[in-house]
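The sequence and the coordinates are shown first.

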Amino acid sequence: MGSVTTERLPRVRASELVGRGWLNTGGRDVTLADLRGKVVVLDFWTFCCVNCLHVLDELRELEEAHRDVLVVVGVHSPKFEHEADPSALAAAVERYEVHHPVLDDPDLVTWSAYAARAWPTLVVVDPEGYVVAQMAGEGHASAIAALVEELVAEHEAKGTLHRGDGPYVPPAPSSGTLRFPAKAIELPGGNLLVADAGHHSLAELLPDGETLVRRIGSGERGLADGGPDDARFAEPNGLCLVPEQQREAYGFDVLVADTANHALRGVRLADGQVTTVAGTGEQFMVGGVENVVVAVEDGARRLGPFDAAYTYDPLDVKLSSPWDVAWSDELGGFVVAMAGHHTLWAFDWWKLGLLAGTMNEGLEDGPGASAWFAQPSGLAVAADGVVWVADSETSALRRVTGLGGGVAAVPEGVEVRTAVGQGLFDFGHRDGPADQALMQHPLGVATLPDGSVVVADTYDGALRRFAPAAGDAGSVGDDTSGTRLAGEVTTLATDLAEPSGVVVQVGEGPDGEPHVHLLVVESAAHRLTRVALPASLAGEVLDGGAHRTQRPVTDIEAGPLWLDVPFVPAPGQKLDDRFGPSTELRVSATPPELLLSGGGTGVELGRDLVINPEVREGVLHVTARAASCDVVPLGPDGEPDPDVFPACHLAQQDWGVPVRVVDRGEPGDVPSLMLPLRG
């Protein structure tokens, strides 16, 4: 591939780390001079981004193994307005167990200095303070590990490596019954079961929402089945009761979305026994050759790549950050919100299959096979079988219908439509007509007795209500497929601390009429809070304004543009074409008219684009993947050792690059836009 190179970047001095302040340093500022003598990995992240959370997990083992020579520095460059709040950032650093220094960069000063264009971006700095690599996206752990070993050997020989402790100072431990709870459900008998994500366990509480009855899970991060004291979870989120008539067949009572373990777990309430029922514990990487399903036929080992057109044994398939689960009578199984690769899946006791979504991130309605989601994180099934989805990264509320095909891969008839939300970069707190309303990174959703929908609008700290207009849920437009849903949005409650889940409780009021309370999971306040709804359920109409992600805009000239996505295989690795082309590049634009040519999918990591001079601004959407594998050592006969099966690795990233089109200058070389996947 012409754009795949094995040369390092030119030696460039790393820019100073500038921001509002530091976390995990004991109150000290950290400079590059303080880090001289260490290999430094700068991790540009934002805590809403599931890909960034994947990278945090990828780096854990690496930083533990090399703490005397490696310093990871998180550079938090926020996407959403709420993420720029220093208290919210401090809570996120604690929530996700970030065990390295974090620079608070709310104005994207350091982000801009390193020309970062995507979350996450990783920059490797050598012990002398020079940038030696830049990587976008996830899947780089093996490459960084190999590069660290290479740099340690090189600089130990030069005498420029200094072993010893880095600047990380752990924060004081917190205490309490709950720690960053995520979701909750009501159990038969009235007790509550809470996904206590920060304690890596489940907490059963009395109906008062405060008194602990028991804990299921040891509290240690990990993946282990067993009884309540031995089982381990990792940041569990979604919970769902198995219907009573199905519990004997399933063998468990509650299904758990065990998010950071990339698994679904079954819990038997009688004795607290935990069993893994779906997932391998490893992350599904989109397009990765490592997503193979291993089979043995007639004694021969056969590898077959995962194919979304089929269903599989649930324990054979890798998952990616399942965030919520819900039972659907119409489906005859569970719906799974797979936040890690922007899809919905269907699961029953013996098979698992893709339900809707393409694994592309964005806001696209239509048939399930072509719809786009963006970190779906909350699910609710209405009485009529409709599935409502809190689609967090597009700050959207989506509706899914047509699940009657059963648990089959992308069944025909599934339709996805949007009620609230404008896209990846628009958010706010605005009530009124649904097509104008705005939310900010919602994580939870529930249905109310009147058929309306309540949304845990997490980063706005609010509960919002969507009331569909009458008739086909109020389609807007002549075509009822793929058009927005009409309705009104109001605010039911404000001043909540990152609400992430809602339980609707209906009882009888003093007047004998149904009385509705909402039990809200206030994740950042580590508690459950009851909110009484007005009899009318209407709520208030508020307008807190609209916001857009404030990322630097890239000026590009109208006319020809060379898009370059460099990729360097890690030391000891090579491009892996055993299962087809090793690289893939997809390009599109918003609005589509921005690109006169160059869109579509190809295998070269470089492409000629032509930018429309009539469109003055927009977003370039670029997705790149590159597969590599370990080089197999040669045997005595000079051939690759047949007993060594090479490990495979996939690097991938989606960029959404805001651009401003400027007039072309004097004729000359074709300008270029470089987006390093790994360079």
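## Aromatic cluster

Y250, F252, W327, F334 and F347 are joined into a cluster by ring pairs. The model is predicted, and local features require pLDDT of at least 70, side-chain atom pairs count only at pLDDT 80 or more, and totals for chains, interfaces and linings use all residues. Residues are numbered from 1 along each chain as its sequence is written, and side-chain values use heavy atoms, with hydrogens and water left out.

The whole structure contains 12 aromatic pairs. Rings of Phe, Tyr and Trp (its six-membered ring) pair if their centres lie within 6.5 Å; planes under 30 degrees apart count as stacked, over 60 as edge-to-face and the rest as tilted. One of the pairs is formed by Y250 and F252, edge-to-face with 5.5 Å centre to centre and 70° between the planes. Y250 also pairs with W327: the ring centres are 6.2 Å apart and the planes are at 85°, so this pair is edge-to-face. Y250 belongs to helix 5 (residues 247-250) and W327 to strand 18 (residues 322-328), 77 residues apart, and the pair thus links distant parts of the chain. Helices (H or I, at least four residues) and strands (E, at least two) are DSSP runs, numbered from the N terminus.

Buried denotes under 20% relative accessible area, exposed over 50%, and partly exposed in between (1.4 Å probe, protein chains only). Y250 is buried at 10% relative accessibility, F252 at 5% and W327 at 13%.

## Charges over rings

A charge sits over a ring if NZ of Lys or CZ of Arg is within 6 Å of the ring centre and within 35 degrees of the ring normal. R13 lies over the face of Y130, 4.2 Å from the ring centre. R265 lies over the face of F233, at 5.0 Å from the ring centre.

## Cavities

Four cavities of 30 Å³ or more are found in the whole structure. A cavity is a set of points, on a 1 Å grid over the protein atoms alone, where a 1.4 Å probe fits but cannot get out; lining residues have an atom within 4 Å of a point. The largest cavity holds about 270 Å³ of space, a volume being the space filled by probe spheres set on the points. Its lining has 23 residues, of which R95, Y96, N237, W323 and L443 lie nearest the centre.

The second largest cavity has a volume of about 90 Å³. Among its 13 lining residues, L53, D57, E235, A260 and S321 are the closest to its centre. Helix 1 gives the most to this lining, with six residues.

Key
On a 1 Å grid over the protein atoms alone, a cavity is a set of points where a 1.4 Å probe fits but cannot get out, and a pocket is an open set with protein on both sides within 12 Å along at least five of seven lines; lining residues have an atom within 4 Å of a point.
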